[in-house]
Every structure is written in structure tokens, then in C-alpha cells.
Amino acid sequence: QLQASGGGSVQVGGSLRLSCVISGRGYTNYALGWFRQATGKEREFVAAISWTGGTTLLGPSVQGRFTISLDSAGNTAFLQMDSLKPEDTAVYYCAATYVPVRTALSYKYWGQGTQVTVSS
């Protein structure tokens, strides 16, 4: 089971931190990723991290502004979003897979989305 939280409304330039908790029997050693989907657009890769935290990936549109990290237990991924822009407005989804990749089809489990709205 994946549980995403932390979305909300923020003004341009603000920050938000999303959390994704993976839990349940058998949910171990998974890489966690974040995707987003804005209204009328395709789902976009945002970030991913390996289960050890040793490998991270970021989408080109969030490089330098977003950071992905893991808690010490390795079952919660955080997406720190800074310098937010209106184009970051979307529903953000967390997902789990075996190795961190940018392709949504490679992710086996998905959580519910959390809305992020950035207003100017």
C-alpha cells in the first residue's frame, strides 16, 4: 500500500514537502517514484529514489528545485519542492517499482494522488 500526503496550495516561489509511505507485507526493497499529471496533460515523471537511497533521478523540469529523499527506515519517500511555479500545479502520485526509472509503465504499485496548486 502506498499513501501520499502533503499536497496543498502555495504561492509562486513557495515550498511544499510531499510524503509517500509504503507499507504492508511484502512491500520491502522497492524504489519509490513521483509522477504528476496536470489537467489535460500526460503523466510526467518527477523523481525517483532507490530503496537504499543511493540512486536518485529527477525530471528535467524540476532539476535544481525538487529533491527526493528517504527516511532511515527506507519506507517513506519525501519530495521537497522549492521555488514552485504555476506549471508545477498537478496531481502528484507516488509509485513503487524495483529499480528507479523514469517510465510510468515500469511502476508496479501506485498510491492515490495528492493535489498541488501553485498560484501567482
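# Chat about the loops, the disulfide and the cores

Colleague: Quick one to start: is Gly111 buried or exposed?
Modeller: Gly111 is buried, as its relative accessible area is 11% and the cut-off for buried is under 20%. Keep in mind that this is a predicted model.

Colleague: Where does Gly111 sit?
Modeller: Look in the loop between β10 (109-110) and β11.

Colleague: And what does Gly111 touch, leaving out residues up to four places away in sequence?
Modeller: Leu2, Tyr93 and Cys94.

Colleague: You mentioned Cys94. Which cysteine does Cys94 form a disulfide with?
Modeller: With Cys20; the two sulfur atoms are 2.3 Å apart. The pair ties together distant parts of the chain, with Cys20 in strand β3 (residues 16-22) and Cys94 in strand β9, 74 residues apart.

Colleague: Are those two cysteines buried or exposed?
Modeller: Both Cys20 and Cys94 are buried.

Colleague: How many disulfides does the count come to?
Modeller: The count is 1 disulfide.

Colleague: Why is the Cys20 and Cys94 disulfide called right-handed?
Modeller: Because the torsion about its S-S bond is about 70°.

Colleague: Staying on β9, what about Ala95? Buried or exposed?
Modeller: Ala95 lies in strand β9, and with a relative accessible area of 0% it counts as buried.

Colleague: Which residues is Ala95 in contact with, once neighbours within four places are set aside?
Modeller: Leu2, Ala31, Leu32, Gly33, Tyr107, Tyr109 and Trp110. As for Gln112, its C-alpha is 9.2 Å from that of Ala95, at 17 residues along the chain.

Colleague: Let's switch to the inside. How many residues are in the largest nonpolar core?
Modeller: That core has 27 residues, and the ones with the most contacts inside it are Trp34, Val46, Phe66, Leu79, Met81 and Tyr92. Elements giving two or more residues to this core are β1 (2-5), β3, β4 (31-37), β5, β7 (66-70), β8, β9 and β11 (114-119).

Colleague: And the second core, how many residues does that have?
Modeller: The second core is separate and has 6 residues, including Phe35, Phe45, Leu57 and Tyr107.

Colleague: Back to Tyr92. What does Tyr92 touch, not counting residues up to four places away?
Modeller: Quite a list: Leu18, Trp34, Phe35, Arg36, Val46, Phe66, Leu79, Met81, Gln112, Gly113, Thr114 and Val116.

Colleague: How many aromatic pairs does the structure hold?
Modeller: There are 6 aromatic pairs. Phe35, Phe45, Tyr107 and Trp110 are linked into a cluster by ring pairs.

Colleague: Which arginine lies over the face of Trp110?
Modeller: Arg43 does, at 4.7 Å from the ring centre.

Colleague: And what sits over the ring of Phe78?
Modeller: The charged end of Arg17, 4.1 Å from the centre of that ring.

Colleague: Another arginine, then. Is Arg65 buried or exposed?
Modeller: Arg65 counts as buried, because its relative accessibility is 10%. You'll find Arg65 in the loop between β6 and β7.

Colleague: What does the side chain of Arg65 reach?
Modeller: The backbone oxygen of Ser83, at 3.0 Å. Setting aside neighbours within four places in sequence, Arg65 is in contact with Gln80, Met81, Asp82, Ser83, Leu84, Lys85 and Asp88.

Colleague: So where does Ser83 lie?
Modeller: In the loop between β8 (76-81) and β9 (90-97). Ser83 is partly exposed, with a relative accessible area of 41%.

Colleague: And what is phi of Ser83 near?
Modeller: Near 50°, which is a positive value in a residue other than glycine.

Colleague: Last topic, another serine. Where is the place of Ser50?
Modeller: Ser50 is in the loop between β5 (44-49) and β6 (56-58). Ser50 is buried, at 9% relative accessible area.

Colleague: Which backbone nitrogen does the Ser50 side chain reach?
Modeller: That of Gly54, at 3.2 Å. Not counting residues up to four places away in sequence, Ser50 touches Ala31, Thr55, Leu70 and Pro100.

Methods
Residues numbered from 1 in each chain as written. Predicted model: local features only at pLDDT ≥ 70, side-chain atom pairs only at ≥ 80, totals over all residues. Heavy atoms only, no water. Helix = DSSP H or I, 4+ residues; strand = E, 2+ residues; numbered from the N terminus. Buried < 20%, exposed > 50% of the residue type's maximum accessible area, 1.4 Å probe, protein only. Polar contact = N/O pair within 3.5 Å; in protein donor to acceptor, adjacent residues only side chain to side chain. Contact = heavy atoms within 4.5 Å. Disulfide = S-S within 2.5 Å. Core = buried A, V, L, I, M, F, W, Y, C linked by side-chain atoms within 4.5 Å. Phe/Tyr/Trp six-rings, centres within 6.5 Å; stacked < 30°, edge-to-face > 60°. Lys NZ or Arg CZ within 6 Å of the ring centre and 35° of its normal.
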